[in-house]
Amino acid sequence: MLKKAVKANAKIPIEFAVHIVAKILAGLDYAHNRKYSQTGEPLKIIHRDISPQNEMLSYDGDVKIVDFGIAKAERRLNQTQVGVLKGKFGYMSPEQARGLELDPRSDIFAAGIMLYELLAMRRLFKGSNDIETLELIRAADVPSLLQYRPDVSVHLESICLKALALDPDDRFSSAEEMQRELEQYLLANHPDVSSKKLGSYVSDHFRKEKESERNRLTEALRELEEKYSVSDEKSRMVHMQPQSQMSYVQLNPKERETVAASQQDTASTEVEQEEPATATLHVSSEREIDQSQKTLNHASFTPVESNSK
């Protein structure tokens with residue numbers, strides 16, 4: 001969405017940018033506060049890769065965090081090699097860029113980067129190469145947001161800058177705290193913002209992409225229906241018809257010979273058999289019949305051979 005807005009030389013409305021990041025923070029707060037079901041102890045999960053590529057925005061305005069592939073719970077942090085950097089360089093926290101131990105405030109810094117970029121319509125930490133990008137993050141030198149977006153209030157800029165503080169102790173203590181600050185800002189300045197309105201905005205600006213996806217999905221479903229309808233029809237023809245009554249048109253030459261031979265064997269067997277086998281009903285206990293004349297318990301059918309041979 002950011003790339004398309006920049007390409008069109010348009011600005012994402014402030015209320016939608018704030019709403020998106022508030023929803024991301026809600027997801028982070030849930031992950032950060034997950035607990036072990038057996039002990040009730042906090043897992044303290046850290047995503048470590050909060051970036052535009054890992055945030056999904058639906059045409060209905062729903063915001064989801066995806067790809068917890070490099071997320072770590074507190075008990076597993078010591079298993080990560082020291083100095084190994086995992087995550088996208090442009091969205092790391094300063095401590096992450098230094099290969100230090102992380103806590104949930106690292107994800108808050110990344111959320112601050114996303115808020116800044118959605119409002120400023122430009123990358124915050126972008127060097128000419130990865131090394132330069134990491135150096136920019138380690139310094140955490142954040143230009144004033146107002147120089148790129150004059151219509152942003154001082155209050156909103158202060159929220160963004162607090163999330164982007166170099167020292168984790170100077171940031172919000174939790175994702176919930178930052179989320180609450182953004183929601184209070186929206187309530188005071190954009191009380192009508194909602195996921196439904198965000199969805200309408202996304203649908204309007206991505207109309208061609210939405211139609212293209214719908215057409216691809218419709219075509220894929222049509223192909224599946226055709227594939228399985230043909231398969232079901234063939235299966236029904238094979239299983240529902242007795243082999244002796246199956247049309248020769250449906251069989252290949254070898255199958256026709258097999259059916260013909262089977263029919264001949266069946267006919268010769270019927271001629272040789274002088275008397276058909278019969279079946280009689282045996283009851284396990286005569287006493288049960290006396291107790292209930294209408295109910296036969298423990299009954300079974302067994303074949304009885306003919307005595308006349």
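Residues are numbered from 1 along each chain as its sequence is written, and side-chain values use heavy atoms, with hydrogens and water left out. Because the model is predicted, local features need pLDDT of at least 70 and side-chain atom pairs count only at pLDDT 80 or more, while totals for chains, interfaces and linings use all residues.

**Aromatic pairs**

Rings of Phe, Tyr and Trp (its six-membered ring) pair if their centres lie within 6.5 Å; planes under 30 degrees apart count as stacked, over 60 as edge-to-face and the rest as tilted. By this rule there are two aromatic pairs. Select Phe16 and Tyr201 to see a tilted pair, with 5.1 Å from centre to centre and 45 degrees between the planes. Helices (H or I, at least four residues) and strands (E, at least two) are DSSP runs, numbered from the N terminus. The pair links distant parts of the chain, 185 residues apart: Phe16 belongs to helix H2 (residues 14-32) and Tyr201 to helix H8 (residues 195-205).

For accessibility, buried means under 20% relative accessible area, exposed over 50% and partly exposed in between (1.4 Å probe, protein chains only). Phe16 counts as buried because its relative accessibility is 8%; Tyr201, at 14%, is buried as well.

Next, select Phe109 and Phe125, a stacked pair with 6.2 Å centre to centre and 15 degrees between the planes. Here Phe109 sits in helix H4 (residues 105-120), and Phe125 lies 16 residues away in the loop between H4 and helix H5 (130-139). Both Phe109 and Phe125 are buried.

**Helix H2**

Return to H2 and display its end C-alpha atoms, which are 27 Å apart; this agrees with the 27 Å that its 19 residues should span at 1.5 Å a residue. The expected span is 1.5 Å times one less than the number of residues. H2 is mostly covered, with 14 of its 19 residues buried.

**Salt bridges**

A salt bridge is a side-chain nitrogen of Lys or Arg within 4 Å of a carboxyl oxygen of Asp or Glu. The whole structure contains 12 salt bridges. One of them joins Glu177 and Lys162, at 3.9 Å from N to O. The two residues connect distant parts of the chain: Glu177 is in helix H7 (residues 175-189) and Lys162 in helix H6 (residues 154-163), 15 residues apart. Lys162 is partly exposed, at 33% relative accessibility.

Move to helix H9 (residues 207-240), where Glu211 and Arg214 are three residues apart and therefore separated by about one helical turn. Their side chains meet in a salt bridge (3.9 Å, N to O). Glu211 is partly exposed at 37%, as is Arg214 at 46%.

Further along, select Arg222 and Glu226, also in H9, four residues apart and about one turn of the helix. Their salt bridge has an N to O distance of 2.5 Å. Then select Asp103, Arg105 and Asp169, which salt bridges with shared partners join into one network.

**Two loop residues**

Finally, select Arg48 in the loop between H2 and strand S1 (55-57). Arg48 has a positive phi of about 70 degrees, although it is not a glycine, and is buried at 8% relative accessible area. In the loop between H4 and H5, select Met121. Met121 is not a glycine either, yet has a positive phi of about 65 degrees; at 14% relative accessibility, Met121 counts as buried.
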